Amino acid sequence: MIAEFGLIALWLAAALAGLQLLAGALSLTSRGQVLGGIVRPVAVMQGVLCALAFGALIVLFLQTDLSVKLVATNSHSAKPFIYKLSGTWGNHEGSMLLWVTVMGLAGSFVALIERRLPEPTMLATLAGQAFVSLGFYAFLLASSNPFERLPVPPAEGQGLNPLLQDVGLAFHPPTLYLGYVGLSVAFSFAIGALVTRNVGPAFARAMRPWVLGAWIFLTLGISAGSYWAYYELGWGGWWFWDPVENASLMPWLAATALLHSASVLAARNALRAWTVMLGVVAFSMSMVGTFLVRSGILTSVHAFAVDPERGSFILALLVIYIGGALTLFAVRASTVTEGERFALTSREGALVFNNVMLSAILGVVLFGTLYPLMTEAFGQKVSVGPPYFNPMAALFAVPMMIVMAFGPLLRWRQDNFARIRGQLILPALISVGVAAGLFAAEAIGALPLIGLAVAAGLGVASLLPLRGRNLRRTPLPVWGMVLAHFGVAVTLFGMASESAFSVEKLVAARVGQTTEVGPWQVRFVEIQPVAGPNWTALEADMFASYRGGAEVEIRPQARSFWSPPQMTSESALVTRWNGQLYAVLGEETDDGRWQLRLWWKPFVTLIWYGSILIALGGLLALIGRVASDVRRVVARDKIADRRMEMAK
Amino acid sequence: MSEGQKASRWALWLPLAIFAGFIGLAVSGLLWPADRNVASTMIGKPLPQFELPAAVPGRPGLSTADFTDGKPRLLNVFASWCIPCALEAPQLSQLEAAGAEIHAVAIRDRTEDVSLFLKRYGNPFTRIGKDDISAVQLGIGSSGVPETFVIDGSGIIRYQHIGDIRPEQVPMILEKLKEAQR
């Protein structure tokens with residue numbers, strides 16, 4: 001019953017999306033204006049029905065209802081509760097349902113509260129949102145029905161991919177999805193604004209919270225994914241420039257650029273066409289990313305998500321939405337009137353420079369990701385990795401970070417460097433000092449050295465916008481910016497430090513043997529078998545001591561899952577304030593020794609702490625923006641009330 | 001620093017053009033999925049010099065000279081501890097029945113284990129060399145078990161098959177063996 005209920009809710013939601021598109025589009029014509037009134041209520045209902053459908057799927061997974069095909073192929077009655085729950089979206093059908101659900105709810109929310117823009121623009125936006133949703137409904141209902149029943153229910157389910165049975169990962173895909181959906185709302189706003197030729201500050205302000213929200217989720221999603229790859233894959237690295245990682249990074253880069261150009265548009269009414277284009281590009285990148293992950297046209301560690309047929313479907317959606325939107329952009333953007341002018345040396349100038357740098361990095365990543373595909377078309381196999389990505393990304397990232405250090409200190413419209421020169425002496429000195437000190441003291445690579453120097457300077461410079469301000473009265477968005485920029489410095493420092501100072505040791509150790517890695521002494525005590533709810537493992541018992549201090553016990557495991565059968569390695573980590581010890585248990589050698597892989601990674605954790613700061617900065621900005629919007633609405637209502645009373 | 005000038009009108013089509021390029025690439029990638037097999041760099045090169053002792057009592061050991069009498073053969077790299085090798089055994093028997101002569105190298109194995117493996121899964125091999133330190137395996141460009149090489153009559157490697165031979169791949173291997181005759 002529950003499955004059928006869910007399916008009916010989904011069909012109804014799809015029908016409402018069709019109605020929403022039709023009514024929204026017709027309301028823009030002179031004859032159809034009466035239809036405008038139903039668009040908002042329909043959008044709200046559509047969101048509610050989606051939520052019901054998704055709720056039904058969650059219930060089916062929690063009950064482990066094996067008569068439903070999706071549950072039978074992806075769940076198992078012996079699975080812990082949390083993974084039964086995450087099993088709901090840990091598969092293609094469920095994740096697509098999650099996508100339309102979040103999209104439907106976002107549409108409801110926009111329909112309920114957004115009143116700043118002229119009504120035709122809003123109706124066009126909601127129609128655009130419905131148009132995008134419709135494609136995903138078609139996808140779900142035609143080729144990936146999550147509620148399909150099995151004629152004969154099996155006795156037991158097939159389980160969830162063991163690599164995915166991890167708390168961090170249970171929330172990694174939905175986080176990214178929330179980001180992608182947020183960008184779809186920004187996309188709809190861009191379409192609405194283009195269709196009704198209404199690109200201005202109000203459009204930017206209406207779109208900005210969605211971009212900010214999406215960007216926060218993307219930041220968290222990417223860093224969670226990177227931390228997962230770091231400790232779960234057991235390779236000791238935290239970023240592999242894998243196509244799937246790139247697929248999540250590209251929308252983030254576009255969203256970062258969009259966020260900043262939307263701020264320029266909101267504050268200064270400049271960069272109109274550019275902001276609209278970024279709105280389209282940011283969502284395109286999330287769809288391109290989804291396509292690359294699902295279609296399997298690129299080889300990646302995320303092979304579990306691959307299905308070429310679904311890839312074709314997503315590609316068709318891409319052609320319709322993104323091709324359509326970019327065509328609309330090309331035709332309409334020339335009629336978008338020129339925005340306000342500004343001088344090269346101004347806050348806008350710095351933001352434009354960094355927008356171009358971000359776009360260049362986006363281009364580098366996109367090109368590198370697709371390059372193997374291009375050469376394959378000519379029968380040549382190449383794989384593009386860190387030797388291309390690291391220097392090419394750095395080529396644009398380093399100037400960007402330097403401009404980021406002083407950009408926020410510049411005034412809008414026009415400024416000169418002489419005014420801020422005094423403030424910049426300290427961060428510049430720190431950068432040069434760090435670079436010189438490292439150059440003299442240690443033999444490290446050029447990139448890590450530049451990274452550490454820039455990070456130190458940026459860390460100080462990012463705090464300068466607070467100088468001379470009354471901290472209590474500093475608006476939240478300014479705090480947000482400072483925090484996010486400081487977070488970038490922290491993350492950069494972690495990345496550079498990890499690559500400059502990591503120590504790696506691969507040993508075949510006997511029980512009882514002590515191994516030295518960096519400042520650590522690791523004593524290998526014993527190997528013992530352990531069993532979990534749906535796996536068995538060999539566990540190494542080891543004691544690690546930092547510079548002869550107190551011993552910490554660590555237990556890396558080589559795990560074997562039995563449903564479905566697969567081996568994974570559970571690395572063991574010891575986190576100190578100044579870095580992490582990372583231990584992986586390998587195979588037994590012929591003569592009874594065990595392969596151990598040990599790393600000491602100074603300040604590696606700063607990579608993720610920094611990204612949390614970045615996301616937190618985004619959150620502060622979001623709260624600040626929303627709060628001032630609410631204040632504005634309240635004030636407007638008060639004025640309206642007073643007028644009403646006066647009229648009495 | 002302003003936008004929307006007439007000169008840049010053409011630039012507005014640029015994103016669409018890049019996108020069209022991406023779509024073309026994606027469509028070609030979907031229509032003609034790339035061959036994921038990595039071609040061996042050893043193909044066309046002669047076998048390295050080696051001389052391996054016998055792995056089991058009933059079969060002689062293996063040396064480079066055993067491949068240079070003008071008859072093309074298969075060289076199978078296997079181990080008794082390797083599960084895909086057991087899965088592959090029926091296909092090797094099928095190849096043997098079809099007239100292929102198969103030499104083998106047992107990797108890091110014990111005599112009694114190999115004997116047991118051959119008793120259980122059949123013995124399609126004419127000669128079996130024992131490679132305790134993977135020296136020969138690495139020398140011929142093999143990185144795992146099982147792998148099967150097609151060696152022509154003068155000891156030149158003509159084809160490398162990585163992984164187990166599936167039932168549907170048997171005709172393909174025979175075809176490669178026939179090609180090596182020429």
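The legends below describe close-up views of a predicted model. Residues are numbered from 1 along each chain as its sequence is written, while chains are lettered from A and ligands numbered from 1 in the order in which they are written. Because the model is predicted, local features need pLDDT of at least 70 and side-chain atom pairs count only at pLDDT 80 or more, whereas totals for chains, interfaces and linings use all residues.

**View 1. Helix 1 and helix 2 of chain A pack together.** Helix 1 covers residues 2–26 and helix 2 covers residues 36–62; helices (H or I, at least four residues) and strands (E, at least two) are DSSP runs, numbered from the N terminus. The two helices pack at an angle of about 160°, with axes 8 Å apart. Axes are lines fitted to C-alpha atoms, for helices over the stretch in contact, and angles run from 0 to 180 degrees between N-to-C directions. That angle makes helix 1 of chain A roughly antiparallel to helix 2 of chain A (angles over 145 degrees count as such). The residues of their contact divide into 24 nonpolar, 4 polar and no charged. Here Ala, Val, Leu, Ile, Met, Phe, Trp, Tyr, Cys and Pro count as nonpolar, Asp, Glu, Lys and Arg as charged, and the others, Gly among them, as polar.

**View 2. Strand 2 and strand 3 of chain A form a hairpin.** Strand 2 (residues 514–517) and strand 3 (residues 520–531) run antiparallel and are joined by 4 bridges; two strands pair if DSSP finds at least two bridges between them. A:E516 has A:Q521 of strand 3 as its bridge partner. Between the strands lie 2 residues, and A:G518 in the turn has a positive phi of about 55°.

**View 3. Chain A touches chain B.** The contact takes 37 residues from chain A and 19 residues from chain B, with two residues in contact if their C-beta atoms, placed from the backbone, lie within 7 Å. On the side of chain A, helix 12 gives the most, with 11 residues. That side divides into 24 nonpolar, 10 polar and 3 charged residues.

**View 4. An open sheet of 5 strands lies in chain B.** The strand order is 5-4-3-6-7 and the pairing is mixed. Strand 5 (125–131) and strand 7 (157–162) stand at the edges, each with a single partner strand, so one side of each is left without a neighbour in the sheet. B:Q160 in strand 7 is the bridge partner of B:F149.

Notes:
Parallel < 35°, antiparallel > 145°, perpendicular 65-115°, else oblique.
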